Amino acid sequence: MRRSWTSLVYLYILAIVLFILGPVLIIIPQSFSGGDMFSFPPAEFSLAQYQKLLQDERILASLWLSLSIGAASTVLAGLIGLCAALGIVKGNLPAKNLLESLFLGPLIVPLVTTGIGFLILFVPLGLVGSPLGIVLAHTVVISPYVVRILIATLRHFNPVQEEAAIVHGANSWYAFRTVVLPQLLPALLSGAILAFLVSLDEYTVTVFLAQADTVTIPIRIYQYVSLDINPVVTALASLTVILSFGLIVLLEKRFKIHKYLEM
Amino acid sequence: MGKMMRFYSILGWLAVAYMAALFLYPLLKVVYTSVWVNGGFTLGNYVKIFSTDLYSKVLLKTLWVSVLSTLIALFIGYTLAYFIATRPAHKQGFWLMLIISPMFMSLTIRLFGWMILLSKEGPLARVWEGAFGGGELSLLFSQTAVVIGIVHFVLPFVVLNIYTSLNRLEPSLLEASTMLGASRLRTFWQITFPLSLPGVFAGSSIAFALAASTFLVPIMVGGPADTLLANMAYNSIVTIGNLGMGAALSFVLLVIIVAVLLVMGRLERRGHIAS
């Protein structure tokens, strides 16, 4: 009785794990099929899609655009997040709870609402369709990931060291740079990696701001999967899946990343 | 310490200014655009959303799909989190990593995977055909596919939240309960479950908020009739060119989500106090 109950539990867990990983893993064999995107199992084995991927200028341009936007907005969001977290935890701002909601708000406000807001704001400024507009929008969407982890880290921080630095004659900037910042770096780095990944994958806000020559990679993938079906996307998707798994193992081993993902 | 504090306050104000200009101000613009039509104030857009079938049906469908996906994700998420929390401590990291790994993969790519799995010539349809013959199974481009996609998307968040609250549980409480003669089932229902409720409420808030505001899931795995509120807001603006209506729809969505989060937050806090 006990035995069969345990095996039933494991069967259930196996089904759930298949549900979670199935859609991700199915992409890998599909990328080696000759070009039939949706038929499984693939009829033949070929590397054709990988060769085409390297020659697909639209995908490569989107990839480059997304990486640049991701890098720029992550740096900016890192700075904003750092300022926000320091102000909230260590500054004397009024109505801190309210301001914290302002910084974390983009996680709660639906992305469509944020996207429409940016559209309305950017049309008169001529920023629709420009990479700068997308970068600014992404900073707002991704900065909460940095803020959240930095606030949590700063709250466990021992202020005595800073006081010691000041007492020994350091100015504020020097004390911050040599005492506070180095200890914040691991958290800042994990937050930034998370923020970068969110920027790379951002669809809903971006789709309001992107035009023909600012098609970011998720929008391109959507186009290749749903509009003008192009099987080269299987190669891109499967490379992404493999890279992501590598990244996850690394992040979990080094930073215990799962601790930072709860909202 | 005043010097340091002033320095941090200045940094904080810079961030506040940035978010006020690029987050708060655009949001106010959305509200303004939704009620200021042709140079005059009107609630016409909102009246239309609640009184016209076209809009109210999508509103109800969005609520139904979100609640259904949240409940399914809660059930699967709870069992999974409980399973992980009861593994030996050194194995829990591995299980968590396995479960949350899709969070690091692009949602477009995950949904593409579901398109392959659910398509007419995909593996699920093949298995179905092999097992039951005849009767074609075609799940792709249906509301079922949308719910599957949403559950898949929100599940890791739910698992993480419930796992955290299960993990905080004092093991001595469970020992005491079993030592006093309670069965495992009774221990679960009278001790473990009530104490894990904050995680359940936190998980369902996130699940509902993500589900209700989903944009990508319906356009990738749903059919033309499965558009939800977020898609309707987009279509109103981009396809029809009615900016005011799009703004109003997206603001209704925002209000629904904030209302649900407030209620859930209150329940969660009550749970914390109880434990």
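Start by selecting A:Phe118 and A:Phe122: both sit in helix α6 (residues 111–125) of chain A, 4 residues apart, about one turn of the helix. Helices here are DSSP runs of H or I with at least four residues, numbered from the N terminus. Before you go on, note that this is a predicted model, where local features need pLDDT of at least 70 and side-chain atom pairs count only at pLDDT 80 or more, while totals for chains, interfaces and linings use all residues. Residues are numbered from 1 along each chain as its sequence is written, chains are lettered from A and ligands numbered from 1 in the order in which they are written, and side-chain values use heavy atoms, leaving out hydrogens and water.

Now look at the rings. A pair of aromatic rings is described by the distance of the centres and the angle of the planes. Rings of Phe, Tyr and Trp (its six-membered ring) pair if their centres lie within 6.5 Å; planes under 30 degrees apart count as stacked, over 60 as edge-to-face and the rest as tilted. Over all chains, the structure has 23 aromatic pairs. The centres of A:Phe118 and A:Phe122 are 5.3 Å apart with planes at 45 degrees, so this pair is tilted. A:Phe118 is buried at 1% relative accessibility, and A:Phe122 is buried with a relative accessible area of 1%. (Buried means under 20% relative accessible area, exposed over 50%, partly exposed in between, with a 1.4 Å probe and protein chains only.)

Next, select A:Phe176 and B:Tyr8. This aromatic pair is edge-to-face, 6.2 Å centre to centre and with 75 degrees between the planes. The pair crosses between chains, from helix α9 (residues 172–201) of chain A to helix α1 (residues 2–35) of chain B. A:Phe176 counts as buried at 4% relative accessibility.

Last stop: B:Asp226, in the loop between α10 (216–221) and α11 (229–238) of chain B. Which backbone nitrogen does the side chain of B:Asp226 reach at 2.8 Å? The one belonging to B:Gly223. The backbone nitrogen of B:Gln143 lies 3.4 Å from a polar atom of the B:Asp226 side chain. Show the surroundings too: not counting residues up to four places away in sequence, B:Asp226 touches residues including B:Lys61, B:Phe141 and B:Pro218, where contact means heavy atoms within 4.5 Å.

Methods
Helix = DSSP H or I, 4+ residues; strand = E, 2+ residues; numbered from the N terminus. Polar contact = N/O pair within 3.5 Å; in protein donor to acceptor, adjacent residues only side chain to side chain.
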